Amino acid sequence: MSPSISSENSPKQSLPALKNLKLAMFDLDGTLVDSVPDLAIAIDKMLADLNRPVVGVEKVRDWVGNGGVMLVKRALADDMAGNCTAELFAKAHPLFMHYYADQHSLTCTYDGVLDGLQWLQNQGVKMAVVTNKPYQFVEDILKTQNMIQYFDFWIGGDSLPEKKPHPQPLLHTMAHFNVTAAQCIMVGDSKNDVGAARNAKVAVVCLPYGYNHGEDIADSQPDALIERLDLISHCFN
Ligand SMILES: O=C(O)COP(=O)(O)O
Ligand SMILES: [Mg+2]
């Protein structure tokens, strides 16, 4: 079970001083890359195969964030709760995974991302991707978006028993790099990132342009909010 997310009530915490920052953990979908057009195509192909109504990109945008399994369930139910029969899910999920595996061509990197990653690398900060996206898709996207050279490590939503907002993926990544929470930041676009960071006691920086289930990420009170990743240096003045 996921721990409760109390981001709204949690006190903000200071970001580490730049000299103490060892690791930046990045969300992928909605933070580094705009992947929803491709996810929506794969979801709609899956639905069409099952003779169910297609849902389109705007609904998928609101449903992304809790991993591929939840996205498929939400699409089948056509709502955020995602209640569907195990039998229908068992037919649908392999179809989604099959179609999405070949559907990364519309995915693009948000403005400012590569410059922000380069700036952090220049500061000697290690970087990792901590996404709820299925692990098998992560490497290809990092490669095709020309950002794989910035990352020493990545983890998917199905890599561990728990996914964000549970702290486990962050704690696992921090253990890999042998760093403490005070030496890290999480950078994300959704309340799942804020929740995971709070639960791991890591400071969190958010970008407002991604996917947050249709809600304003400012409502989750991240420790810093920047319009584009190339403004990340402003968080450390
Ligand atoms: O695939 C998802 O559900 C979201 O992935 P993210 O954690 O990179 O936003
Ligand atoms: Mg995201």
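This is a predicted model: local features need pLDDT of at least 70, side-chain atom pairs count only at pLDDT 80 or more; totals for chains, interfaces and linings use all residues.
Colleague: What does the protein chain average in pLDDT, and where is the pLDDT below 50?

Modeller: The chain averages a pLDDT of 95. Of the residues, 95% score at least 70. The model as a whole scores ipTM 0.98 and pTM 0.95. The pLDDT falls below 50 over residues 1–8.

Colleague: How many contacts does the stretch of residues 1–8 have in the model, beyond near neighbours in sequence?

Modeller: The pLDDT of this stretch is below 50. Contacts are still found there in the model. Beyond near neighbours in sequence, they number 18.

Colleague: Which domains does the assignment give, and what distance separates their centres?

Modeller: Domain 1 is made of 18–34 + 107–236. Domain 2 covers 36–101. Taken over C-alpha atoms, the centres of domain 1 and domain 2 are separated by 24 Å.

Colleague: How many residues of each domain are in contact with the other, and how does the domain 1 side divide by class?

Modeller: On the domain 1 side, 16 residues are in contact with domain 2. Domain 2 contributes 10 residues. By class, the domain 1 side divides into 3 nonpolar, 8 polar and 5 charged.

Colleague: Which domains supply the shell around ligand 1, and which residues come nearest?

Modeller: Domain 1 and domain 2 each give at least three residues to the shell. There are 13 residues around the ligand. By class they are 3 nonpolar, 6 polar and 4 charged. Those that come nearest are Leu28, Asp29, Thr131, Asn132 and Lys133.

Colleague: Which residues does the UniProt "binding site" annotation cover, and what is the largest C-alpha distance among them?

Modeller: The annotation comes from an unreviewed UniProt entry and covers Asp27, Asp29 and Asp189. These residues are spread over 163 residues of sequence. In space they cluster. Their largest C-alpha distance is 8.2 Å.

Colleague: Is Asp29 buried or exposed?

Modeller: Asp29 sits in the loop between strand 1 (23–26) and strand 2 (33–34). Leaving aside neighbours within four places in sequence, its contacts are Ser35, Val64, Thr131, Lys133 and Tyr211. The cut-off for burial is 20 or more other C-beta atoms within 10 Å. Asp29 has 24, so it is buried.

Colleague: Where does Asp189 lie, and is it buried or exposed?

Modeller: Asp189 lies in the loop between strand 6 (184–188) and helix 8 (191–200). Its contacts, neighbours within four places in sequence left aside, include Asp27, Gly30, Tyr211 and Ile217. Inside 10 Å there are 25 C-beta neighbours, so Asp189 counts as buried.

Colleague: Which residue follows helix 8, and what is its phi?

Modeller: Most residues other than glycine have a negative phi. Lys201, which follows helix 8, has a positive one. Lys201 lies in the loop between helix 8 and strand 7. With 15 other C-beta atoms within 10 Å, Lys201 is partly exposed. The phi of Lys201 is about 65°.

Colleague: Where does Gln221 lie, and what is its phi?

Modeller: Gln221 is in the loop between strand 7 and strand 8 (224–225). Gln221 counts as partly exposed because 18 C-beta neighbours lie inside 10 Å. Its phi is positive, though the residue is other than glycine. The value is near 50°.

Colleague: Which residues does a cis peptide bond join, and what is omega?

Modeller: Most peptide bonds are trans. The bond between Lys164 and Pro165 is cis. Pro165 has its place in the loop between strand 5 (153–155) and helix 7. Omega is about 15°.

Conventions: Residues are numbered from 1 along each chain as its sequence is written. Chains are lettered from A and ligands numbered from 1 in the order in which they are written. A residue is near a molecule or strand if its C-beta atom, placed from the backbone, lies within 6 Å of it. Ala, Val, Leu, Ile, Met, Phe, Trp, Tyr, Cys and Pro count as nonpolar, Asp, Glu, Lys and Arg as charged, and the others, Gly among them, as polar. Domain bounds come from an automatic or database domain assignment. Two residues are in contact if their C-beta atoms, placed from the backbone, lie within 7 Å. UniProt positions are given in the numbering used here, feature names are shortened, and annotations may be inferred rather than shown by experiment. Helices (H or I, at least four residues) and strands (E, at least two) are DSSP runs, numbered from the N terminus. A residue is buried if 20 or more other C-beta atoms lie within 10 Å of its own, exposed if 12 or fewer, and partly exposed in between; C-beta atoms are placed from the backbone. pLDDT is the predictor's confidence in each residue, from 0 to 100.
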